[in-house]
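Welcome! Please take a moment to look over the sequence and the model before reading on.

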Amino acid sequence: MEEHIGKNFPEPTVETEKFWQGCRKRELLIQQCNECGHYQFYPRIMCTDCMSRNIDWMSATGRGKVKTYTIIYRAISKAYAKDVPYVVAIIELEEGPSLMSNVVGCKPEEVKVGQEVMVTFEDWSEEISIPKFTPLPLS
Ligand SMILES: [Zn+2]
């Protein structure tokens, strides 16, 4: 975990605390509205579709597709120097919502738009685990 010292750590808030607790337990939690069924990410206090506050957390499958991506060659700080080059991607989850993450477990030049990926978690500290995505074998 020492290799992550100095990186930009997420700071859980009232809205996101549950999400980060889920990551710690290897669960990718997203929100679902009890009124209209809408799924959403990032976490909010109300449904972005019908404005209901009657929303719950549910465990996403963790499967998704690369919607778009870029390869980072220049580290934004010393803490990221060992990571470059790395992929920053928008992942569209099976449930619909998208999130920004990294594609890991393959060479950056092997990442493709439309590629199927699966969530994995990287422990940055005792409290924080970061969701990342690895390519699924082609079916
Ligand atoms: Zn709703």
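This report visits a metal site, a sheet and a hairpin in turn.

Please keep in mind that the model is predicted.

**The zinc site**

Let us begin with the metal. The zinc ion is held by the SG atoms of Cys33, Cys36, Cys47 and Cys50, at 2.2 to 2.3 Å. Along the chain, these donors follow the spacing C-x2-C-x10-C-x2-C. The angles that the four donor atoms subtend around the zinc ion run from 104 to 116 degrees, so the arrangement is tetrahedral. For four tetrahedral donors, the ideal angle is 109.5 degrees.

**The three-stranded sheet**

Next comes an open sheet of three strands, in the order β2-β1-β3, with antiparallel pairing. β2 and β3 stand at the edges with a single partner strand each, so one side of each has no neighbour in the sheet.

**The hairpin**

Further along, β7 and β8 form a hairpin, with five residues between them. Within this pair, Glu122 has Ile130 in β8 as its bridge partner. Strand β8 is largely enclosed by the rest of the structure, because five of its seven residues are buried.

| Strand | Partner | Bridges |
|---|---|---|
| β1 (residues 29–33) | β2 | two bridges |
| β7 (residues 116–123) | β8 | seven bridges |

Definitions and conventions. Residues are numbered from 1 along each chain as its sequence is written. This is a predicted model: local features need pLDDT of at least 70, side-chain atom pairs count only at pLDDT 80 or more; totals for chains, interfaces and linings use all residues. Side-chain values use heavy atoms; hydrogens and water are left out. Two strands pair if DSSP finds at least two bridges between them. Helices (H or I, at least four residues) and strands (E, at least two) are DSSP runs, numbered from the N terminus. Donors are N, O and S atoms within 2.8 Å of the metal (3.2 Å for Na, K and Ca); water is not among the atoms, so sites may look incomplete. Four donors count as tetrahedral if all angles lie between 85 and 135 degrees; four count as square planar and six as octahedral if opposite donors are over 155 degrees apart and all others between 65 and 115; anything else is irregular. Buried means under 20% relative accessible area, exposed over 50%, partly exposed in between (1.4 Å probe, protein chains only).
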